[in-house]
Amino acid sequence: MTLADILASLFPAGHEVAIADNLIAGCGTIDNTPVHVIGIAGESPLGCDGAFILAGRVLDIVRHDDTAPILVLIDSSSQRMSRRDELLGLSEYLAHLAKTLLLAEAQGHRTIGLLYGGRCRRSLHRYSSCDRHARSASEARTRQ
Amino acid sequence: MGGKHRYLIGGADAFVDDDVPAFRDAAFLALAGKGRLDIDILEAEQQRLERRLHRFDKAHDAVDIWKELGVSKPAEIPGLATNDFLSRSTDKRETANDAR
């Protein structure tokens with residue numbers, strides 16, 4: 001499923017979710033319940049700049065006087081491993097983003113993560129391979 | 001060098017000798033601190049992290065950043081013993097004191 005497919009099926013009545021530089025932001029409505037949406041698209045890595053922008057959006061949500069849930073859409077190839085991100089302390093930007101989501105949750109915004117996209121499919125494939133190996137090893141032990 | 005760099009840019013709150021007693025003492029101090037999780041402290045952290053992005057955006061390596069911080073003879077930093085490093089860096093480093 002593409003991001004457009006996911007957004008269309010989650011928000012059949014329409015939505016105001018936009019993507020810029022592979023960062024997702026906006027809102028939609030599910031059964032008359034407003035839902036904030038943030039995330040990362042395009043199987044792109046998350047670096048300092050992106051984490052900073054996403055954290056800023058979560059802080060905007062926290063400042064809203066509502067308790068609307070937050071949907072976090074994730075199609076990412078993990079953290080960006082560049083010299084610049086290392087120099088600027090990527091771990092702090094990621095920790096800060098996590099803290100903003102914790103604060104939002106504490107303020108009453110239920111937070112739901114939705115992994116989708118290329119890495120998600122490959123992860124599921126690896127899981128099923130591991131499962132077959134585990135079953136084979138277990139059967140071998142049983143036969144002994 | 002990574003630890004010294006993090007101490008200088010405000011990513012680490014302490015820098016100690018590479019031995020367990022020093023780590024233990026620093027851990028006790030850190031655990032005694034009162035971390036906050038509220039909108040004001042996270043706004044402060046957002047601004048602190050934004051300042052860092054702007055201030056060091058063009059840096060090619062850590063020495064560039066240390067030079068920008070005003071550390072004297074920045075190329076010597078990796079080779080300095082702990083006490084020498086601390087005396088040279090304490091007044092120049094970024095901190096996270098009002099943002100965590």
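Author: Let us begin with contact, which means that heavy atoms lie within 4.5 Å. The model is a predicted one, and in it B:Thr82 touches B:Phe15, B:Val16 and B:Asp17, leaving aside residues up to four places away in sequence.

Reader: Where is B:Thr82 placed, and why does B:Thr82 count as buried or exposed?

Author: B:Thr82 belongs to helix H5 of chain B. A residue is called buried when its relative accessible area is under 20%; B:Thr82 has a relative accessibility of 15%, and therefore counts as buried.

Reader: Which residues of H5(B) are buried, and why are they said to line one face of the helix?

Author: In helix H5, residues 82-89 of chain B, the buried residues are B:Thr82, B:Phe85 and B:Ser89. When one looks down the axis of H5(B), these buried residues fall within an arc of 65 degrees, so they line one face of the helix. They pack against helix H1 (2-9) of chain B, whereas the face turned away from the buried side carries B:Asn83 and B:Ser87, which are exposed.

Reader: What makes B:Leu80 buried or exposed, and which residues does B:Leu80 touch?

Author: B:Leu80 lies in the loop between helix H4 (62-69) and H5 of chain B. Its relative accessible area is 15%, and because the limit for buried is under 20%, B:Leu80 is buried. Not counting residues up to four places away in sequence, B:Leu80 touches B:Lys4, B:Phe85 and B:Arg88. The C-alpha atoms of B:Leu80 and B:Leu31, by contrast, are separated by 28 Å, the two residues being 49 apart along the chain.

Reader: Turning to chain A, how do you know that strands E2(A) and E3(A) pair, and in which sense, parallel or antiparallel?

Author: Strands are said to pair if at least two bridges are found between them. Strand E2 (residues 23-30) and strand E3 (residues 33-46) of chain A have 8 bridges and run in the antiparallel sense, with A:Thr33 in E3(A) as the bridge partner of A:Ile30. The hairpin of these strands has 2 residues between them, and there A:Asp31 takes a positive phi near 50 degrees.

Reader: In which sense do E3(A) and E4(A) pair, parallel or antiparallel?

Author: E3(A) and strand E4 (residues 70-79) of chain A pair in the parallel sense, over 7 bridges, and A:Ile40 stands opposite A:Ile74 in E4(A). Between E3(A) and E4(A) the chain passes through helix H2 (residues 48-63) of chain A, and this β-α-β crossover is right-handed.

Reader: How many helices and strands does chain A have, and in what order do its elements run?

Author: Chain A has 5 helices and 5 strands, and from the N terminus on its elements run α-β-β-β-α-β-α-α-β-α. Of its 144 residues, 39% count as buried.

Reader: How many residues does each chain bring to the contact, and what area is buried between chain A and chain B?

Author: Chain A brings 21 residues to the contact and chain B brings 25 residues. The area buried between the two chains is about 2000 Å², and carbon and sulfur atoms give 59% of that area. On the side of chain A, A:Phe52, A:Leu87 and A:Glu92 supply 32% of the area that this chain buries against chain B, more than any other three residues.

Methods. Residues are numbered from 1 along each chain as its sequence is written. Chains are lettered from A and ligands numbered from 1 in the order in which they are written. This is a predicted model: local features need pLDDT of at least 70, side-chain atom pairs count only at pLDDT 80 or more; totals for chains, interfaces and linings use all residues. Side-chain values use heavy atoms; hydrogens and water are left out. Helices (H or I, at least four residues) and strands (E, at least two) are DSSP runs, numbered from the N terminus. A crossover is right-handed if, with the strands pointing away from the viewer, the path from the first strand over the helix to the second runs clockwise. Buried means under 20% relative accessible area, exposed over 50%, partly exposed in between (1.4 Å probe, protein chains only). The arc is that of the directions from the helix axis to the C-beta atoms. Buried area is the accessible area (1.4 Å probe) that two parts lose on being put together, summed over both.
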